[in-house]
Amino acid sequence: MFPRGRLAFFVTSNLHKFNEARQVFSEYKVATAMLKIKAVEIQDDNLENIAKASAIDAVKTCGLPIIVEDAGLFIEALNGFPGPYSSYVYRTIGTIGILKLMKNVDKRDAYFQSVVAFNSPEEAPKCFHGKAKGKISLEERGSLGFGFDPIFEPSGGGNRTFAEMTTNEKNEHSHRAGALRKFAKWYTSGSKRRF
Ligand code: IMP
């Protein structure tokens with residue numbers, strides 16, 4: 001029997017995401033385990049649709065209550081690009097490509113969006129959202145974190161990029177931590193626990 005509301009299986013192969021989640025969940029006394037199973041990642045303009053489809057597919061594979069998370073970087077001067085296509089853009093042009101697209105652009109506002117989708121064999125998927133506003137830096141800075149962390153300065157972060165922050169510091173500002181906290185509150189409250 002699972003300890004209901006006290007253990008969350010996180011379907012991801014990204015150790016950085018898992019460590020961020022582990023620290024957030026410890027605030028709520030929720031333990032977490034990393035499930036490295038392949039879940040489909042559909043192409044869609046909407047992060048929630050992507051996260052839900054992955055969560056449904058993952059439950060089909062493992063038969064367990066799980067969460068998945070999907071995130072994207074939305075740059076205002078580029079009309080929200082790369083958004084839901086962040087993974088592909090990171091793999092192709094990467095952080096340097098984004099900095100080139102932003103060369104001579106003064107308006108550098110951007111935000112990260114995160115959707116955590118919970119799904120179980122008994123329930124329909126439920127989504128939790130988080131957003132981190134900030135700016136695209138003028139150059140890469142920092143060596144921590146992953147993905148676009150070296151070029152994203154969250155608001156209120158003292159002009160540091162996510163890659164210049166420890167996991168705990170990133171969790172004070174990040175989109176993912178925001179979505180995970182909403183999930184953890186829901187998961188640990190009420191009479192109907194999930195595991
Ligand atoms: P994913 O599909 O949720 O893994 O995220 C899509 C892409 O966005 C990833 O390949 C990362 O490059 C980027 N990304 C997602 N979350 C973060 C983050 O917290 N920091 C930096 N980049 C991120």
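Is Glu-20 buried or exposed? With a relative accessible area of 3%, Glu-20 comes out as buried (buried means under 20% relative accessible area, exposed over 50%, and partly exposed in between, using a 1.4 Å probe and protein chains only). The model is a predicted one, so local features need a pLDDT of at least 70 and side-chain atom pairs count only at pLDDT 80 or more, while totals for chains, interfaces and linings use all residues. Residues are numbered from 1 along each chain as its sequence is written, and side-chain values rest on heavy atoms, with hydrogens and water left out.

Glu-20 belongs to helix 1 (helices, H or I with at least four residues, and strands, E with at least two, are DSSP runs numbered from the N terminus). Its side chain makes a polar contact of 2.7 Å with the side chain of Arg-176. A polar contact here is a pair of N or O atoms within 3.5 Å; within protein, one must be able to donate a hydrogen and the other to accept it, and residues adjacent in sequence count only if both atoms are side-chain atoms.

A polar atom of the Arg-176 side chain sits 2.7 Å from a ligand nitrogen. As for Lys-170, a polar side-chain atom is 2.8 Å from an oxygen of the ligand. On its own the ligand has 470 Å² of accessible area, and the protein covers 91% of that (areas come from the Shrake-Rupley method with a 1.4 Å probe; for residues, only the protein chains shown count as cover).

The space that the ligand takes up is the largest pocket. In the pocket search, run on a 1 Å grid over the protein atoms alone, a pocket is an open set of points with protein on both sides within 12 Å along at least five of seven lines, whereas a cavity is a set where a 1.4 Å probe fits but cannot get out; lining residues have an atom within 4 Å of a point. A molecule sits in a cavity or pocket if more than half of its atoms lie within 2 Å of the grid points.

Which elements give two or more residues to the shell around the ligand? They are strand 3 (66-75), helix 3 (86-92) and helix 6 (175-187). Helix 3 provides the largest share, three residues. There are 15 residues around the ligand, and Lys-17, Ala-71, Asp-149, Lys-170 and Arg-176 come nearest (a residue is near a molecule or strand if one of its heavy atoms lies within 4 Å of it). By type, the shell splits into six charged, five nonpolar and four polar residues. Here Ala, Val, Leu, Ile, Met, Phe, Trp, Tyr, Cys and Pro count as nonpolar, Asp, Glu, Lys and Arg as charged, and the others, Gly among them, as polar.

Now for the backbone. Most residues other than glycine have a negative phi, and most peptide bonds are trans. Phe-81 and Pro-82, however, are joined by a cis peptide bond, with omega at about 0 degrees. Pro-82 is part of strand 4 (residues 82-83). Lys-29, though not a glycine, has a positive phi of about 55 degrees. Lys-29 is placed in the loop between helix 1 (15-26) and strand 2 (31-35), and is exposed at 67% relative accessible area. Asn-104 is not a glycine either, and its phi is positive at about 65 degrees. The loop between helix 4 (94-101) and strand 5 (109-119) holds Asn-104, which is exposed with 76% relative accessibility.

The loop between helix 1 and strand 2 also contains Glu-27, partly exposed at 44% relative accessibility. Glu-27 and Gly-80 are 53 residues apart in sequence, and their C-alpha atoms are 32 Å apart in space. Gln-113, in strand 5, is buried at 18% relative accessible area. Along the chain, Gln-113 and Lys-131 are 18 residues apart, with 4.6 Å between their C-alpha atoms.

Past strand 5, the loop that runs between it and strand 6 (126-136) contains Ser-120. Ser-120 is buried, at 3% relative accessibility, and its side chain forms a polar contact of 3.1 Å with the side chain of Glu-123. Asn-49, in helix 2 (residues 47-62), is partly exposed at 36% relative accessible area.
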